[in-house]
Amino acid sequence: MLTLAWIILFLPLLSALGIAFAAHKDQQLSAKISIGAIGSGFILSLILFINHLMTGSGSQEGAITWLQAAGLEIGFGVRIDSLSILMLLVVTGVGSLIHIYSQAYMQGDKSYSRYFGSLSLFTFSMLGIVLATDFVQMFIFWELVGVSSYLLIGFWFEKPSAADAAKKAFLSNRMGDFGFILGIIMIWGLAGSLNFTDLKEVFAANPEVLGTLATVAGLLVFCGAVGKSAQFPLHVWLPDAMEGPTPVSALIHAATMVAAGVYMLCRVYFVFSPDALTVISWIGGITALLAALMALQQDDIKRILAYSTLSQLGYMVMAVGVHAPAAAMFHLTTHAFFKALLFLGAGSVIYAVHHKQDIWQMGGLREKMPTTYWTFLLGTLALCGVFPLSGFFSKDAVLASAADTAHGGNGILFGIGVVVAALTTWYMLRLFFITFHGTARTKAAEDAKESPRVMSLPLIILAVASAIAGFLGIEGFASHGLGLEHHGAHAHATLAMAFSFLAVIFGASVAFALYWNAEADPIQRHLGGFSSILRNRFYIDEIYDFLILVTHETLSQIAAWMDRWVLSGLIVRGVHGGADLTGRALRMLQTGNIQTYAFLFVLGIAVIIYFVVGRNVL
Amino acid sequence: MSLLSFIIATPLIAAIGLLFVPRGYSYLYQIIARGAAGITFLLSLGMFLFYPQMASGPGGFKFYQKVAWVESIGINYQVGVDGINVGLILMGAAVALAASFACWGINRRERDFYFLFLVMVGGILGAFASLDVFFFYFFHELALVPTFIMIGVWGRGEDRNYATFKITIYLTIGAMLALVGLVALYVQSGAQTFDMIELTNHVKENPIPVDQQKVIFPLLLFGFGILVSLWPLHTWAPVGYGAAPTPAAMLHAGVLKKFGLYGLIRLAIPMVPEGIRAWLEVFCFLALGNILYCGWVAMRQKDLNFLIGNSSVAHMGMAFIGIASLSLIGITGAVAIMVAHGLLAALSFGLSGYLYHEKGSVEISQLGGLLQKIPFIGVCLVIAMLAGCGVPGFANFAGEILVLFGAWESLPWFVVAGAWGALIIGAVYCLRAIRNILHGALSEENSQFNDASTLTTKFPFLVLVILLVIFGVYPRLLTDRVSQSVEPLINQANDTTAQIVAPSAALLGQNTPTAVRVDF
């Protein structure tokens, strides 16, 4: 079975290389290679999954040594357990649908082959994270995911905004990775290994192995997730990343890459001390709340979904923090389905109205695009957590864990979770009503037509998955992979269910009252200043720009000034003036006179001989 | 004759042969230079690949050869490779090959140019192969002098004369300081030989007293340090490379500059380890100066060549930190960085040279949107920039990660944090360069750029990129060789310390300091 895992990992790489070096001139062939690679990956993952269920085997791994020196050994391998199999299915399954959808969506783009090549590269990197056996291996693929995301956000690099967004995403991720690698090195220094299996044993044998650094090391590792999963305060890159093509947003910036941070937290859950988990849960809660508030006043259809993604990622991180990684994985999976569905639905809308993204320029699309309408509705309801769709179950699992104060839960976090649920329903129905109901507000919206079959088919499949994923026992499967007791958070399930039901009703009534048949946003009149704060995302981007300007730029300005005037000006010229004689002698060199060089050269040798002979003689 | 001697001799013989070609046959000069570089590269590649199978000679060196010269004072022609220099020689030969295909815009006094070029290549390879301190120094000078002349005669820009002047002063002073340090080593060891193997063995039995180590090491550190552009003595590098003709910049920044680091590893670590420990704080401080300060300076550069120059100075800080860690992991990483950075610096300067040749300027604000127009060069530049900010998959990452792990073992945590912080700064200027040069809209005046379309123009970049990727994907090809040969050096450094420090400590009734960890 390990061979299968190796094949799954390397197929997309072969596809990327094949497209880059052989097939790039043939657009259709490139698309077929790329789709074939990830599609076969999905089939092989299914085989792995079935085999895993049938044999009930625990975890298996196989690895080679990638780098070693003295006490350092970095492995490179594949690890199969329920956690990685679940993630494999998500990445290849949702990925395949998005690849197929892209075939139509990207039609006519002059860099069609480059698009599919980059997608395959991304898939390879993502699968590397999923299958990693070793901390540094995970970090390597972590960085490669960052690079492929950079290439895809900046896919239309001629557009300044896309090029800037790509740069911003890469740099924000880098900030997180700064902590991540320090955490990895620290853990290696104290626990003596990088391999997940070994580390888990070390931690099981001696939970105090990190000593006083336990919380620090855990939080440094968490920094990696803050960058990749776009948690506050590094969340700023994700909304800008919507400059990439819409299927990319669906695949990378909703369903898979941003979930890598959550996956990583679950994979190395055993390294986090209780204090570290508390910090993690608060970061998750704050992100969920801030992002949901920001989403209320956005007008760009993709940006609303981006803020919604941030907020849902906050939920998952919070779930890890309240000692419920299985709930986090559950929500990750269902979210991958319905958020990919929503993004692809948004893509279908954008495609139909000729690449407009402002929801106020749409309207009345219900009759014109029935498939998109119904699937989008289903995705929206699943995201809001309406029974019996998948989001209902996974969100309840998160909320119930937050309410479970005996196991790391916290009343305030639970409250935040409920408020976020209400806000989610509010902004999603706002988006839905304005886009699909009312009357067409522009010519483009009036002429909109349903997208081609190859685009609507993935929508339907994802809609089915979003509807039924709650019944598949994903949480139990994930907690089996985590080796955790499936503890009794379900005692609080009723409480969570009651509150989240009320939250949905509240959010839905507000949205209905404000936006059913609305022609402009009424909230601006009522809230005024607060509305523009939300609209400007609490001015966090501006604050960062300012901070970067006063710190980094100033430092670099000072350094450049020093370099120019102090080091090369004063010192060099000082040396020059001080040793005028040397200067004069050396200035002859400007002529490129070979004799001078020969003279100096002989002088150098003479110095050696003088010392040597001198010592011998004396 | 050993294969290694052939590798050194080929470019030198070709250089002499060039003198017999009549003037005016510029095509022939080019063929001779490329042919010689090609043969050298193939031989070095063979040597690298067959290195593990070969039998070891004296001191564990392979492809060893010794020819007696001035026996009375112990100077012999003596060459050989171990895991440390076998990779460096391969890298040097690869850069030389690439550089011989990157001689755009050399259109006067071509015979002189190729003559100097080949002498420089021979000197570089000789310096890395020599196991005799005298020849080690001699070959370095042999490579250095042509650099000055090439900048002075074929250099570019208005500051050419100032640059030549500056680089000559700095590097001559650096070389002189290093020379004083080497002579001091010779004198103080009392071994009466320039033979590195004997010298090292002699010191193993009779360590140099700690007080003298403390004086010798700074001479080596600053002498070799200037050659490597140790902060704050680095300002010659960006100016010099900015003015240098492309092949000279590739060879110097890529290969010759590593001479100082190589000297520190080969000589300072086994012979004056106590000197390193005594100067460790200064050493780390200066190295952090390299990576942080020069990184910030690089962020402000408006000219691509200066950006690359400063960034290459910053990268040297990583190698310094690896050496300062005095650990097997860290020093293995430092050597891996030397090889990786050699390829990367040559690639970057080659690309910048190509752009300069196309436009006559590499002012960043005047470029933009080039990826649409010149995809091949553009993709290579993206690769160079990503490799420069430590993206996995390229050799640089493997070296950097080893240095970080090694530094964690023996240096304070903020050194590690600072070093990795540099990779963020690196990412800032590298991505800015991509954004401003390659991304965005293509302006009217930049649409006359031509992409590298023939195999000859693509060749230098392909060679370097392929090697960067091979060593990046499977770094053990390099690091297994390196760490095997670094181990005896580290052991000797630790033994020497135990030998010197232990008796006096026992005398005072203190615990023997066995731990290598140093706290500030």
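This is a predicted model: local features need pLDDT of at least 70, side-chain atom pairs count only at pLDDT 80 or more; totals for chains, interfaces and linings use all residues.
**The α1(A) and α4(A) pair**

- The crossing of α1(A) past α4(A) is left-handed.
- On the α1(A) side, the residues that meet α4(A) are A5(A), I8(A), L9(A), P12(A), L13(A), S15(A), A16(A), I19(A), A20(A) and A23(A).
- Their partners in α4(A) are S113(A), F116(A), G117(A), S120(A), L121(A), T123(A), F124(A), L127(A), G128(A) and L131(A).
- Sorted by class, the residues of this contact are 14 nonpolar and 6 polar, with no charged ones.

**Chain A as a whole**

- Chain A holds 26 helices and 2 strands.
- Of its 618 residues, 57% are buried.
- Among contacts in chain A with a separation of 6 or more, 81% are between residues 24 or more positions apart.

**The loop between α8(A) and α9(A)**

- Which residue here has a positive phi without being a glycine? A230(A) does, with phi of about 50 degrees.
- A230(A) sits in the loop between α8 and α9 of chain A.
- Is A230(A) buried or exposed? A230(A) has 29 other C-beta atoms within 10 Å, and 20 or more is the cut-off for buried, so A230(A) is buried.
- P233(A) is also placed in the loop between α8 (214-228) and α9 (237-240) of chain A.
- The peptide bond leading from F232(A) to P233(A) is cis, and its omega is near 5 degrees.

**Further backbone details**

- F387(A) and P388(A) are joined by a cis peptide bond, with omega about 0 degrees.
- P388(A) is found in the loop between α15 (370-384) and α16 (390-403) of chain A.
- Over in chain B, F63(B) is a residue other than glycine with a positive phi, near 50 degrees.
- F63(B) belongs to strand β1 (residues 62-70) of chain B.
- F63(B) is buried, because 22 other C-beta atoms lie within 10 Å.

**Where chain A meets chain B**

- How many residues does each chain bring to the contact? Chain B gives 57 residues and chain A gives 50 residues.
- On the side of chain B that touches chain A, at least two residues come from each of α5 (133-154), α6 (160-189), α13 (280-299), α15 (328-359), α16 (370-373), α18 (395-410), α19 (413-438) and α21 (476-507) of chain B.
- The largest share of that side belongs to α6(B), with 10 residues.
- By class, the side of chain B that touches chain A has 37 nonpolar, 15 polar and 5 charged residues.

**The nonpolar core**

- The largest nonpolar core contains 446 residues.
- Which residues have the most contacts inside this core? They are V262(A), A340(A), A94(B) and L343(B).
- The helix that gives the most to this core is α15(B), with 20 residues.
- Leaving out residues up to four places away in sequence, L343(B) touches M91(B), A94(B), V95(B), A395(B), L464(B), L467(B) and L468(B).

Key
Residues are numbered from 1 along each chain as its sequence is written. Chains are lettered from A and ligands numbered from 1 in the order in which they are written. Two residues are in contact if their C-beta atoms, placed from the backbone, lie within 7 Å. Helices (H or I, at least four residues) and strands (E, at least two) are DSSP runs, numbered from the N terminus. Ala, Val, Leu, Ile, Met, Phe, Trp, Tyr, Cys and Pro count as nonpolar, Asp, Glu, Lys and Arg as charged, and the others, Gly among them, as polar. A residue is buried if 20 or more other C-beta atoms lie within 10 Å of its own, exposed if 12 or fewer, and partly exposed in between; C-beta atoms are placed from the backbone. A crossing is left-handed if the near helix is turned anticlockwise from the far one by less than a right angle, and right-handed if clockwise. A nonpolar core is a set of buried Ala, Val, Leu, Ile, Met, Phe, Trp, Tyr and Cys residues joined through C-beta atoms within 7 Å.
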